[in-house]
Amino acid sequence: MRSKIIFELAKKIEKEANGIRDIKIMHLCGTHEDTITRYNLRSLMPKNLKLLSGPGCPVCIIPDADLQAVFHLIENANVVLTTFGDMARVPFEGKSLFYFKSKGCEVKIVYSIFDALEIAKRSDKPVVHFGIGFETTMPSTALAILDGIENFYVFSSHRFFVPAINHLLSSNIKIDGFINPGHVSTIVGVKAYEKIEIPQVIAGFEPEDVMLAVYQLVKSIKNGENKVFNEYKRAVTYEGNVKAQMVMNEVFERENWDWRGLGVVKDSGGKIRKKYEEYDALKVFEDIFSNFEIKEDPKKRACRCGDVLKGLIEPLECPLFNKVCNPKNPVGPCMVSVEGTCNIWARLGGC
Amino acid sequence: MCLAIIGKVESIEYPFATVNFKGTKKKVRIDLIEDLKIGEYVLVHVGFAIQKVDSREVEQYNEIWENVINSLQ
Ligand code: SF4
């Protein structure tokens with residue numbers, strides 16, 4: 001049944017795209033890349049339609065400066081550091097948070113930030129959570145801060161995703177339409193995208209969802225309709241999750257922050273508001289950060305993660321792909337994270 | 001990191017609920033969801049229910065997609 005639906009949609013896309021100019025559609029979520037590669041959906045696309053992968057992997061877009069700052073903190077302060085598994089494997093100068101763990105630093109991998117809170121409740125040390133993720137994850141970090149555990153702090157590397165779409169539009173990458181990230185959209189709702197002037201479809205993560213989104217985008221591109229359609233109605237509403245938006249905006253404000261590949265994205269940084277600075281690791285440990293200096297990692301000079309995240313190249317175009325850089329020995333974060341395009345292509349055989 | 005999975009709410013002890021993911025049960029926080037009831041489906045991300053999901057779409061998958069295909073001109 002499923003393959004029948006997918007092939008039906010492929011025929012409809014083919015028919016719709018027949019005779020039109022070459023178009024580029026970019027998706028913005030690692031889970032969409034997983035679906036596209038796992039089901040080999042690119043092979044079902046017409047020749048004049050290119051499906052690009054964008055900056056939708058939260059681990060991948062975090063610049064090395066954030067990672068170095070966290071390394072600096074655990075090297076210089078007696079803290080317990082908690083984070084999610086993928087983040088702990090990202091290398092800088094050949095070291096990762098797992099390396100520091102193996103050297104005796106207290107680095108703990110958590111599934112949820114609430115596991116970190118439980119660790120803080122049982123510990124007499126400061127517990128710092130390395131907070132990463134887009135609007136999908138930020139409300140949970142906000143709630144953890146609002147829980148008010150006194151030895152619990154957050155190093156925020158959170159980024160608001162929606163500003164990145166505008167940023168991509170103002171760059172020189174020519175994109176004709178976006179498949180918007182389904183899970184970010186459950187929080188921000190359809191309304192968050194309405195002012196962005198390009199065809200967009202909010203899509204779920206089944207292959208049928210992606211194919212239907214592509215079909216709708218081809219139609220919109222053909223008709224010059226710069227609108228946002230919601231294909232993921234089963235989970236995304238017009239308003240989004242208003243309660244989650246409220247807690248997120250209560251705790252975080254927006255700053256212009258750097259993204260790997262994209263550079264500085266206006267209003268995308270999830271900075272902890274002054275009102276909650278007693279939980280902000282950057283403020284609480286400001287003495288430790290005062291002598292912190294950002295360096296470049298010479299090991300990453302040949303890594304082209306930045307271009308992969310902008311959709312400028314595919315992983316196969318990186319000379320290190322599946323040679324020096326592979327899921328067991330990743331050079332860049334796009335090969336570390338299970339949502340990174342290089343990792344997905346290496347595991348599932350993208351082409 | 002942006003992964004989220006759908007499960008069915010089996011019991012509620014606010015701010016937690018036990019959610020069944022195709023046989024695997026997990027305790028998740030539900031503070032961000034208004035009016036959650038036992039038997040409803042939720043999307044769960046990093047231990048958090050982030051949105052309710054239309055149960056009809058989960059339970060009548062094939063029928064709904066057949067209708068979608070038929071509705072496209
Ligand atoms: S294959 Fe490895 S080195 Fe190349 S862009 Fe991807 S992560 Fe970077």
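1. Start with Leu81(A): its bridge partner in β4(A) is Val107(A). That pair belongs to a predicted model, so read it as such. Strand β3 of chain A covers residues 80-83 and is joined to β4(A) by four bridges, with the two strands running parallel.

2. Zooming out, these strands sit in an open sheet of four, ordered β4-β3-β5-β6 (chain A), with parallel pairing. At the edges you'll find β4 (106-109) and β6 (152-156) of chain A, each pairing on one side only. Neighbouring strands here are turned by 25° against each other on average, direction ignored.

3. What lies across this sheet? Helix α6(A) lies across β3, β4, β5 (127-131) and β6 of chain A. Relative to β5(A), α6(A) runs at about 170°.

4. Now the contact between the chains: chain A puts in 35 residues and chain B 23 residues. On the chain A side, the elements giving two or more residues include α6 (113-122), along with α1 (2-17), α2 (30-38) and α10 (207-223). By type, the residues on this side of chain A split into 18 nonpolar, ten polar and seven charged.

5. As for chain A overall, there are 16 helices and eleven strands. Its radius of gyration is 21 Å, close to the 20 Å that the globule rule gives for 351 residues, so chain A is as compact as a globular protein of that length. The C-alpha trace spans about 65 × 45 × 40 Å along its principal axes.

6. Among contacts with a separation of 6 or more, 74% come from residues 24 or more positions apart.

Note on methods
Residues are numbered from 1 along each chain as its sequence is written. Chains are lettered from A and ligands numbered from 1 in the order in which they are written. This is a predicted model: local features need pLDDT of at least 70, side-chain atom pairs count only at pLDDT 80 or more; totals for chains, interfaces and linings use all residues. Two residues are in contact if their C-beta atoms, placed from the backbone, lie within 7 Å. Ala, Val, Leu, Ile, Met, Phe, Trp, Tyr, Cys and Pro count as nonpolar, Asp, Glu, Lys and Arg as charged, and the others, Gly among them, as polar. Two strands pair if DSSP finds at least two bridges between them. Axes are lines fitted to C-alpha atoms, for helices over the stretch in contact, and angles run from 0 to 180 degrees between N-to-C directions. The radius of gyration is taken over C-alpha atoms; the globule rule is 2.2 Å times the number of residues to the power 0.38.
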